[in-house]
Amino acid sequence: MASVGLVVNPLAGRDIRRLVGDASLLPAHERVALVRRVVRGMAAGGADHVLFMPDVSGITEAALQGLNLPLHCEPLAMRPEGTAVDSTKAGRLLSASRVAAIITLGGDGTNRAVAKGCGETPIIPLAAGTNNVFSTMIDGTVAGVAAGRLATGSVKSEAVSRRTKRIEVTMASGADFALIDAAVCLDRFAGARAIWDPDRITTLVLARAEPWALGLSSIGGQLQCVDDADAIGLYVEFGPGPAVRGLLAPGLVVDIQIRAWRVLPLGEDVSMGTGAGTLALDGERELSAPGRVVARVTRSGPRVVDVKAVLALAVGLADS
């Protein structure tokens with residue numbers, strides 16, 4: 001069976017940064033249209049079975065209504081709670097079902113949640129959140145075709161997917177990870193979770209630092225450009241010093257003072273300090289009073305599919 005997975009986060013792109021910046025909301029009907037394009041692409045690529053995460057808003061179910069496609073679309077056996085746990089559970093179930101790839105619709109936080117459960121199953125991340133450093137800006141139809149090609153086995157995922165980086169953090173209470181950024185903040189409580197005031201940040205570790213991105217990654221990108229292929233990360237301390245300008249969210253441009261920064265080789269531990277504040281992972285405050293936080297950037301992130309490579313190889317196979 002040529003199976004692919006689909007995880008749609010109906011809450012992606014609806015945090016406080018939509019209010020303090022000038023970001024547009026992706027309404028439910030647009031999300032439905034995006035999912036329809038993805039599913040049509042899957043069918044065109046040769047997939048015949050789609051396993052999808054049920055969600056509290058019924059986005060995927062609505063998208064599937066009226067589609068006359070040679071696809072069997074089946075919800076995962078889970079009860080959605082409307083939290084990030086849904087995406088993690090879906091990633092785990094899809095990995096156990098041995099789908100060829102998982103298409104995700106969300107931002108960096110959504111993909112982090114899926115990555116906690118998907119194991120070696122590769123991800124095709126479509127940008128549908130506020131910060132989309134990890135996600136791909138590509139049409140859903142194209143992504144769906146690529147997933148279908150992988151499902152048929154005509155293109156092998158090993159040839160078109162790569163292992164990404166992640167930031168592993170350890171604390172007294174345990175361990176966690178981020179895909180793009182980990183930050184220690186002065187705020188004692190998670191509150192609205194999303195970070196929109198960089199003056200509240202004390203230290204930052206980045207797996208990717210891109211001046212053209214939105215979020216904390218753009219601040220590091222003003223110091224040194226680091227993409228996913230680079231075998232380094234960045235460590236940044238905020239405080240009195242030269243100011244750089246970052247793009248924290250759509251329409252939200254900030255100036256922040258940098259006390260110190262340096263390149264962080266893969267696997268090197270760095271202390272992010274101690275305190276009673278919060279630890280933010282991929283732009284969202286997750287843990288209160290984490291105590292001493294130690295971070296390292298590693299090449300242990302989820303596998304991500306190069307959609308262009310898939311379709312280029314598929315053309316070559318068709319011509320041969």
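This is a predicted model: local features need pLDDT of at least 70, side-chain atom pairs count only at pLDDT 80 or more; totals for chains, interfaces and linings use all residues.

Reader: Is Thr83 buried or exposed, or something in between?

Author: The terms rest on relative accessible area, where buried means under 20%, exposed means over 50%, and partly exposed is what lies in between, with a 1.4 Å probe and protein chains only. Thr83 has a relative accessible area of 41%. That value falls between the two cut-offs, so Thr83 is partly exposed.

Reader: How many residues of H5 are buried, and which are they?

Author: The buried residues of H5 are Asp108, Thr110, Asn111, Arg112, Ala113, Val114, Ala115, Gly117 and Cys118. After H5 comes Gly119, which has a positive phi, near 60°. The helix is mostly covered, and the count of its buried residues is 9 of 11.

Reader: How are H4 and H5 oriented to each other?

Author: Axes are lines fitted to C-alpha atoms, for helices over the stretch in contact, and the angles between N-to-C directions run from 0 to 180 degrees. The axes of H4 (residues 84–96) and H5 (residues 108–118) come within 7 Å and cross at roughly 40°. Angles under 35 degrees count as roughly parallel, over 145 as roughly antiparallel, 65 to 115 as roughly perpendicular and the rest as oblique. H4 and H5 are therefore oblique.

Reader: Which residues of H4 and H5 make the contact between them?

Author: Contact means heavy atoms within 4.5 Å. On the H5 side the contact is made by Thr110, Ala113, Val114, Lys116, Gly117 and Cys118. On the H4 side the residues are Ala84, Ser87, Thr88, Gly91, Arg92 and Ser95.

Reader: With which side chain does the side chain of Asp176 make a polar contact?

Author: Asp176 is in strand E8 (residues 174–178), and its relative accessibility of 18% makes it count as buried. Leaving out residues up to four places away in sequence, Asp176 touches Arg112, Lys116, Ile167, Glu168, Val169, Met171 and Leu281. A polar contact is a pair of N or O atoms within 3.5 Å, and within protein one must be able to donate a hydrogen and the other to accept it, while residues adjacent in sequence count only if both atoms are side-chain atoms. For the side chain of Asp176, at 3.1 Å, the partner is the side chain of Arg112.

Reader: Which backbone oxygen lies 2.9 Å from a polar atom of the side chain of Thr203?

Author: Thr203 belongs to strand E10 (residues 201–206) and is buried, with a relative accessible area of 8%. Beyond its neighbours within four places in sequence, Thr203 is in contact with Ala182, Ala183, Val184, Tyr235, Val236, Glu237 and Met272. The backbone oxygen in question is that of Met272.

Reader: How many residues apart are Arg37 and Asp139, which meet in a salt bridge?

Author: A salt bridge is a side-chain nitrogen of Lys or Arg within 4 Å of a carboxyl oxygen of Asp or Glu, and the side chains of Arg37 and Asp139 meet in one at 3.4 Å, N to O. Arg37 is in helix H2 (residues 28–45), and Asp139 is in the loop between strand E5 (123–127) and helix H6 (140–152), so that the pair links distant parts of the chain, 102 residues apart.

Technical notes
Residues are numbered from 1 along each chain as its sequence is written. Side-chain values use heavy atoms; hydrogens and water are left out. Helices (H or I, at least four residues) and strands (E, at least two) are DSSP runs, numbered from the N terminus.
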